[in-house]
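Here is a short briefing for a first look at this structure. Start with the sequence and the model below.

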Amino acid sequence: MPPIQKIKDREVLLKKLSYMPWYVDKFINFKLPDLSPSSLLEYIYDYETFFNYLLAEGLTPAGPISQIPLETLEKLSLDSIHGYRFHLLTKAENSRTTVSRKLSSLRTLFNYLNQKAEDENFNPLLIRNVMAKVDIRKKKKPKDTAASSLAGKLLQDNEITEFVEYIFKGYEKDIAGRNRALLSYKFNRVRDACIVSLILNSGIRVSETVNLDVDDIDLMNKSVYVYRKGADDQTKSQVHFREQAIPFLKEYILIRDVHYKSPKKEKALFLTIPNGQIYGSRMTKRAIQNMIIKYAEGFGKPFLTVHKLRHSFATDYYLANDLYKTQTQLGHTSPETTQIYAHLTDKTMSEAIDKRK
């Protein structure tokens, strides 16, 4: 069966689609065979932001998003789109890269309605495509420049071990006196350290971490079995982890059932007890992402994200291995994606051979 996260994303996608205009539903169904539910959800979130802006600015008749007519898109001026770009840039959470992505999502929709979708008379659904006039500046950094900007935002050498240890016992002193935070930390610290240790010692993605079941852990062979991105939903791939992750996995597995009141039918490895609930259930991607951000700020590296933990592992791993092994370990479909780790360090392979595996 498909990974749990993919099933959840599909459910959210269907729910969100019911609030979207009919032409967005048509677009999503067109894209459905080629993109994952998670990717399609990103489109939906971007369109939701755009439609809310149209309503707030009076650029479309008042009413629910689902009733925004196609004519609204047809009559949008270039100034309106520039206004939307400025609106996005004023939001603190939006970097220029994020703004470019949101505009690109919008252009994809407009292009589909203008160039591919047809009415019953075989005419384009959208005659005038204002997004075709919009310049979306998307500067692609050279790999060495991108690598240089990334390098300072990763855990390196001893920091990998230090970050896990900080989560396991160091964070407590930083929240002394905050009783509620302290209680939550003490309850979840073993689980949290286990999750971070596993990612930092295997490089698995957050979606792969979320989808792990108890039966997917093989301590004897130091490996986990995960649904890899872009791979067959029915087949799990074996991914090895370093020895350093074993003590944290053993301790967490020992307390999992009793600590999180795990129902017998719950197979998820990493559990949480939601507010108002009695029994544990599978953690979400968002919960793990927020958890990493919390500890990263306390550790003095607020720029750390769960994805940068994966980058940290990959850089460290590449120093002791070759491009092909790194590509296989990370589950990259193309060596091009893995190439950035060749630029993240100017150390020679003769130096790297002394690094740990």
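Helices (H or I, at least four residues) and strands (E, at least two) are DSSP runs, numbered from the N terminus. By that count, the protein chain has 17 helices and 5 strands. This is a predicted model, in which local features need pLDDT of at least 70, side-chain atom pairs count only at pLDDT 80 or more, and totals for chains, interfaces and linings use all residues. Residues are numbered from 1 along each chain as its sequence is written, and side-chain values use heavy atoms, with hydrogens and water left out.

**The chain as a whole**

- Buried residues make up 44% of the 357 residues in the protein chain. Buried means under 20% relative accessible area, exposed over 50%, and partly exposed in between (1.4 Å probe, protein chains only).
- The accessible surface of the protein chain comes to about 19500 Å², and 52% of it belongs to carbon and sulfur atoms. These areas come from the Shrake-Rupley method with a 1.4 Å probe; for residues, only the protein chains shown count as cover.
- Among contacts between residues at least 6 apart in sequence, 60% join residues at least 24 apart. Contact means heavy atoms within 4.5 Å.

**The sheet**

- An open sheet of 3 strands has the order β1-β2-β3, with antiparallel pairing. Two strands pair if DSSP finds at least two bridges between them.
- β1 (217-218) and β3 (237-240) stand at the edges. Each has a single partner strand, so one side of each is left without a neighbour in the sheet.
- Strand β2 (residues 223-226) is joined to β3 by 4 bridges. Valine 226 stands opposite serine 237 in β3.

**The nonpolar cores**

- The largest nonpolar core has 47 residues. Such a core is a set of buried Ala, Val, Leu, Ile, Met, Phe, Trp, Tyr and Cys residues joined through side-chain atoms within 4.5 Å.
- Phe163, Val196, Val224, Phe270, Ile288 and Leu309 touch the most other members of this core.
- Elements that give two or more residues to this core include α8 (159-174), β2 and α12 (285-299). Helix α9 gives the most, with 10 residues.
- Not counting residues up to four places away in sequence, valine 196 touches Phe163, Val164, Ile167, Met291, Ile292 and Leu309.
- A second, separate core of 38 residues includes Tyr23, Tyr43, Phe50 and Val130.

**Serine 197**

- Serine 197 is found in helix α9. At 1% relative accessibility, serine 197 counts as buried.
- Serine 197 touches Val164, Gln244, Ala245 and Phe248, not counting residues up to four places away in sequence.

**Helix α14**

- In helix α14 (residues 323-330), Thr326, Gln327, Gln329 and Leu330 are buried.
- Seen down the axis of α14, the buried residues fall within an arc of 165°, so they line one face of the helix. The arc is that of the directions from the helix axis to the C-beta atoms.

**Salt bridges**

- The whole structure holds 13 salt bridges. A salt bridge is a side-chain nitrogen of Lys or Arg within 4 Å of a carboxyl oxygen of Asp or Glu.
- Aspartate 213 and arginine 282 meet in one of them (2.7 Å, N to O). Aspartate 213 lies in the loop between α10 and β1, and arginine 282 in strand β5 (residues 281-282), 69 residues apart. Both residues are buried.
- Glutamate 243 and lysine 222 also meet in a salt bridge (3.3 Å, N to O). Glutamate 243 is partly exposed at 48% relative accessibility, and lysine 222 is partly exposed at 30%.
- Asp46, Arg101 and Lys102 are linked in a network of salt bridges.
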